[in-house]
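The following note goes through the model point by point. Please read each paragraph with the structure open.

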Amino acid sequence: MFRWHTVAFWEWNSIDSNEVCGICQSPFDACCADCKIPGDQCPLLWGKCKHCFHLHCISKWLETNNEGICPLDRQPFEAAT
Amino acid sequence: MSTPSRRRLMKDFKRLQSDPPGGISGAPCSDNIMLWNAVIFGPGDTPFEDGTFKLLLQFDETYPNKPPTVKFVSKMFHPNVYANGELCLDILQNRWSPTYDVAAILTSIQSLLHDPNPNSPANAEAANLYRENRKEYTRRVREIVETSWES
């Protein structure tokens, strides 16, 4: 054998892969609109409210929005630890 | 050039085409994805019924973290629409959320035609007539429904 090609498949195991990030509308298994490669470089962030977004998407929103509210429930967004 | 806002607007467009809400249509200009033309058909069982109201949506690179500027191009007579066509609608101002897309914006405007809010009037005359003289309000709305077909 001289060479082989490997093909990898991955998905977050913490979330339904069909779900999309409400902010960028891209699947969670894809990256946010600013990134090129999904995965650890473009992680997900859950709020205490259980709503999930790409970290980069929710960070940009919280920088823009003075009240710092969750885009889905309008309550102050606190990252789940 | 592809930017996060432009990529998001392409997704909005795809969603609007694959799963279009009833009574609205919208599309970006062929040479500028940041500028959209939209049409809202007047909801049935309202004085706006059968109207075809054209709107212009202007986005910038802050979308979806900031709402677009939205205005009616067609003449409008509605308690929450200013004389220049701009709207007084909370989700386009202080209740904006980055999870809204073009379909959500147009659907909200459609429901505003259904349920005007006379407590935050942008057109005082329309608000007064809506509250106090529904018959005359309806007559004035029917006038702009007819003009909506012309241009």
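1. Within strand β3 (residues 52-58) of chain B, B:Gln58 is the bridge partner of B:Leu35. Strand β2 (residues 32-41) of chain B and β3(B) run antiparallel and pair over seven bridges. Two strands are taken to pair if DSSP finds at least two bridges between them. Helices (H or I, at least four residues) and strands (E, at least two) are DSSP runs, numbered from the N terminus.

2. The model is predicted: local features need pLDDT of at least 70, side-chain atom pairs count only at pLDDT 80 or more, and totals for chains, interfaces and linings use all residues. Residues are numbered from 1 along each chain as its sequence is written, chains are lettered from A and ligands numbered from 1 in the order in which they are written, and side-chain values use heavy atoms, with hydrogens and water left out.

3. β3(B) also pairs with strand β4 (residues 69-72) of chain B, in the antiparallel sense and over four bridges. Opposite B:Leu55 stands B:Phe72 of β4(B), and opposite B:Leu57 stands B:Val70.

4. Which residues of β3(B) form its covered face, and which the uncovered one? The covered face holds B:Phe53, B:Leu55 and B:Leu57, whereas B:Thr52, B:Lys54, B:Leu56 and B:Gln58 make up the uncovered face. Buried means under 20% relative accessible area, exposed over 50%, and partly exposed in between (1.4 Å probe, protein chains only). In a regular strand the side chains alternate between the two faces of the sheet.

5. The largest nonpolar core has 57 residues, and those with the most contacts inside it are B:Trp36, B:Leu57, B:Phe72, B:Val102 and B:Ile109. Helix α2 (residues 102-114) of chain B gives the largest share of this core, seven residues. Such a core is a set of buried Ala, Val, Leu, Ile, Met, Phe, Trp, Tyr and Cys residues joined through side-chain atoms within 4.5 Å.

6. Neighbours within four places in sequence aside, B:Phe72 is in contact with B:Phe53, B:Lys54, B:Leu55, B:Val81, B:Asn84, B:Gly85, B:Leu87, B:Ile109 and B:Leu113. Contact means heavy atoms within 4.5 Å.

7. Where in the chain is B:Ser148 placed? B:Ser148 belongs to helix α4 (residues 134-148) of chain B and is buried, with a relative accessible area of 2%. A polar atom of the B:Ser148 side chain lies 2.6 Å from the backbone oxygen of B:Val145. Leaving aside neighbours within four places in sequence, B:Ser148 is in contact with B:Gly51, B:Thr52, B:Phe53 and B:Lys54.

8. An unreviewed UniProt entry places the feature "active site" at B:Cys88. UniProt positions are given in the numbering used here, feature names are shortened, and annotations may be inferred rather than shown by experiment. B:Cys88 is found in the loop between β4 and α2 of chain B and is partly exposed, at a relative accessible area of 21%. Not counting residues up to four places away in sequence, B:Cys88 touches B:Asn80, B:Tyr82, B:Gln93, B:Leu112, B:Ser120 and B:Ala122.

9. A cis peptide bond, with omega about 5°, joins B:Tyr63 and B:Pro64. B:Pro64 has its place in the loop between β3 and β4 of chain B.

10. For chain A, the unreviewed UniProt annotation "domain: RING-type" covers residues 21-74. The end C-alpha atoms of this span lie 16 Å apart, and the span is 19% helix and 11% strand.

11. Helix α1 (residues 55-64) of chain A has A:Cys57, A:Ile58 and A:Trp61 buried. Seen down the axis of α1(A), the buried residues fall within an arc of 90°, so they line one face of the helix. The arc is that of the directions from the helix axis to the C-beta atoms. These buried residues pack against β1 (44-46) and β2 (52-54) of chain A.

12. Positive phi values also deserve attention in chain A. A:Gln25, which is not a glycine, has phi near 65°; A:Gln25 lies in the segment before β1 of chain A and is partly exposed at 22% relative accessibility. A:Lys50, likewise not a glycine, has a positive phi of about 80°. A:Lys50 is found in the loop between β1 and β2 of chain A and counts as exposed at 69% relative accessibility.

Terms used: A polar contact is a pair of N or O atoms within 3.5 Å; within protein, one must be able to donate a hydrogen and the other to accept it, and residues adjacent in sequence count only if both atoms are side-chain atoms.
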